[in-house]
Amino acid sequence: MQKQPQAGSCHFRQEKGEPLEDRACTPGAVSPAVTQENLKSTICRKGGYTSGIRPSTSVTGKEKALNAASYGYKGRMGDAEYDHPISLQLGGDPNDPRNLWVEPPDPGHKAGGGVNDAKDPVETKLHTAVCAGKVTLTAAQKAIVTDWSTALSSVGLG
């Protein structure tokens, strides 16, 4: 289990109404195992990549609770996602505390409705573009961690 930032030391920010991580607490971190040169054997391999590197919920469940305290999140834990600013499918580090935060629900989410994350389709589109050679891994990682809501346009994908 990874040590989390001190309780109350991290603060959510908002862009266009969407919750974003505190860049000081959660700047993102990439996995050294994923490079532009080995995409076909890592994030772009057939059969998937993320399920083999994702930490178990017995670890992340405890970390999520501690990270919620770091961010002062008081909402329903089932409505928040323990999210990677640089997603695993883009080579984000699976369990580095700099790359995990308790992401509160998106605006308009109904309490008790489970995780509702508008960021997920953006991650998938970037992943597809990286694997197709349309965007470099580094450009996709930088775009998603800077502001996921503008990531696609910042790399020329719309």
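**Close-up views of salt bridges, overall fold and chain end**

By the rule that a side-chain nitrogen of Lys or Arg lies within 4 Å of a carboxyl oxygen of Asp or Glu, the count of salt bridges comes to 5. The model is predicted: local features need pLDDT of at least 70, side-chain atom pairs count only at pLDDT 80 or more, and totals for chains, interfaces and linings use all residues. Residues are numbered from 1 along each chain as its sequence is written, and side-chain values use heavy atoms, with hydrogens and water left out.

**View A. The salt bridge between K119 and E123.** The side chains of K119 and E123 meet at 2.7 Å, N to O. K119 and E123 are 4 residues apart in helix 3 (residues 119–131), so about one helical turn separates them. Helices (H or I, at least four residues) and strands (E, at least two) are DSSP runs, numbered from the N terminus. K119 is buried, with a relative accessible area of 3%, and E123 is also buried, at 6%. Buried means under 20% relative accessible area, exposed over 50%, and partly exposed in between (1.4 Å probe, protein chains only). A network of salt bridges links D83, K119 and E123.

**View B. The salt bridges of E21 with R13 and of D79 with R76.** E21 and R13 form a salt bridge through their side chains at 4.0 Å, N to O, and both residues are buried. The side chains of D79 and R76 meet in a salt bridge at 3.3 Å, N to O. D79 counts as buried, at 4% relative accessibility. Side chains of opposite charge can pair when their charged atoms come close.

**View C. G158 and its contacts.** G158 is placed in the segment after helix 5 (151–154). With a relative accessible area of 81%, G158 is exposed. Apart from neighbours within four places in sequence, G158 is in contact (heavy atoms within 4.5 Å) with L152 and S153.

**View D. The whole chain as context.** The chain has 5 helices and 4 strands, running β-β-α-α-β-β-α-α-α from the N terminus on. The radius of gyration is 15 Å, close to the 15 Å that the globule rule gives for 158 residues, so the chain is as compact as a globular protein of that length. This radius is taken over C-alpha atoms, and the globule rule is 2.2 Å times the number of residues to the power 0.38. Buried residues make up 47% of the 158 residues. Of the contacts with a separation of 6 or more, 70% are between residues 24 or more positions apart.
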